[in-house]
Amino acid sequence: KTTLFRTLAGLQKFSGIMELQVDGVAEPPRLGIVFQNPDLQLFNGTVRSEILYHLNEPDFRLYEWLVRVLNLEQYTGTPPPLLSEGEKRRVALATMLMHRPGHGLLLDEPALGQDDLHKAVLLRLLRAYADAGYFVAYATHDMELAAQADHLVLMGPDGIAAQGTASDVMQNETAWQKLGFILPEWVRVKCSD
């Protein structure tokens, strides 16, 4: 999953054939990426300088909104290494959103370190971003987060095991069993609603 996201974002070379289309035209997509390990992308002295890094004319209204929505207001002067893992992920997300990637976002395990409140905030923010016409993809082992996706791709060692609506994929017991997983009953119940 990490290799796939790094390749889609143009950060890693690949072999084989891959064509991506943006609005029906084959072109390299402009995607922001939030890594699974936020320490790999946070390097500035404060949360504020991290989020505003390398922006010539930052949109301070967007900045203020992001730090408020992502519950980072009290940390703007804090060095990122001193934050919790969940807070670091939220800083990395705010940084990517401030840079306004042209086509969308890739998020690798965005729910790690997030409590239920911050998972809900994350989902609302990603939903709003997608509803605004941007591509949003996240890789996750969090079944609750996966169950809330519009489209789900179940991947295993041999590639794609199943894909479709979250409800259809979550109900596909054969695909999960093939990968050696038994889904908890609450997942099937939640997806059948």
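Is Glu-85 buried, partly exposed or exposed? I began with this residue and found Glu-85 partly exposed, at a relative accessible area of 36%. I note at the outset that I am reading a predicted model.

**Entry 1: Glu-85 and Arg-89**

I looked up the partner of Glu-85 and found a salt bridge with Arg-89, with 4.0 Å between the closest N and O atoms. Both residues belong to helix 4, where they stand four residues apart, about one turn of the helix. I then checked Arg-89, which is buried, with a relative accessible area of 7%. The cut-off for buried is under 20%, so Arg-89 at 7% falls under that label.

I listed what Arg-89 touches, leaving aside its neighbours within four places in sequence. The contacts are Val-34, Gln-36, Pro-38, Glu-109, Pro-110, Leu-112 and Gln-114. I also noted a network of salt bridges that links Asp-39, Glu-85, Lys-88 and Arg-89.

**Entry 2: other salt bridges**

I counted nine salt bridges in the model. One of them joins the side chains of Glu-109 and Lys-1, at 3.8 Å from N to O. This pair links distant parts of the chain, 108 residues apart: Lys-1 is in the segment before helix 1 (2-8), and Glu-109 is in the loop between strand 4 and helix 5. Glu-109 is buried, with 4% relative accessible area, whereas Lys-1 is partly exposed at 36%.

I next looked up Arg-100, which forms a salt bridge with Asp-59; their closest N and O atoms are 2.6 Å apart. Here too distant parts of the chain are linked, with Arg-100 in the loop between helix 4 and strand 4 and Asp-59 in the loop between helix 2 and helix 3, 41 residues apart. Asp-59 is partly exposed, at 30%.

**Entry 3: the sheet and its helices**

I turned to the strands and found an open sheet of three, in the order 3-4-5, with parallel pairing. Strand 3 (31-34) and strand 5 (135-139) are the edge strands, each pairing on one side only. On average, neighbouring strands in this sheet are turned by 15 degrees against each other, direction ignored.

I counted five bridges between strand 4 (residues 104-108) and strand 5.

Which strands does helix 4 lie across? I found helix 4 (residues 85-98) across strand 3 and strand 4, running at about 170 degrees to strand 3. Helix 5 (residues 116-131) lies across strand 4 and strand 5, at about 145 degrees to strand 5.

**Entry 4: aromatic rings**

I found three aromatic pairs in the structure. One of them is Phe-43 with Tyr-53, edge-to-face, at 5.0 Å centre to centre and 85 degrees between the planes. Phe-43 lies in the loop between strand 3 and helix 2 (47-51) and Tyr-53 in the loop between helix 2 and helix 3 (60-69), so the pair ties together parts 10 residues apart in sequence. I recorded Phe-43 as exposed, at 53% relative accessibility, and Tyr-53 as partly exposed, at 36%.

Another pair is Trp-176 with Phe-181: the ring centres are 6.1 Å apart and the planes are at 80 degrees, so this pair is also edge-to-face. Trp-176 is buried, at 5%, while Phe-181 is partly exposed, at 47%.

Key: Residues are numbered from 1 along each chain as its sequence is written. This is a predicted model: local features need pLDDT of at least 70, side-chain atom pairs count only at pLDDT 80 or more; totals for chains, interfaces and linings use all residues. Side-chain values use heavy atoms; hydrogens and water are left out. Two strands pair if DSSP finds at least two bridges between them. Helices (H or I, at least four residues) and strands (E, at least two) are DSSP runs, numbered from the N terminus. Axes are lines fitted to C-alpha atoms, for helices over the stretch in contact, and angles run from 0 to 180 degrees between N-to-C directions. Contact means heavy atoms within 4.5 Å. Rings of Phe, Tyr and Trp (its six-membered ring) pair if their centres lie within 6.5 Å; planes under 30 degrees apart count as stacked, over 60 as edge-to-face and the rest as tilted. Buried means under 20% relative accessible area, exposed over 50%, partly exposed in between (1.4 Å probe, protein chains only).
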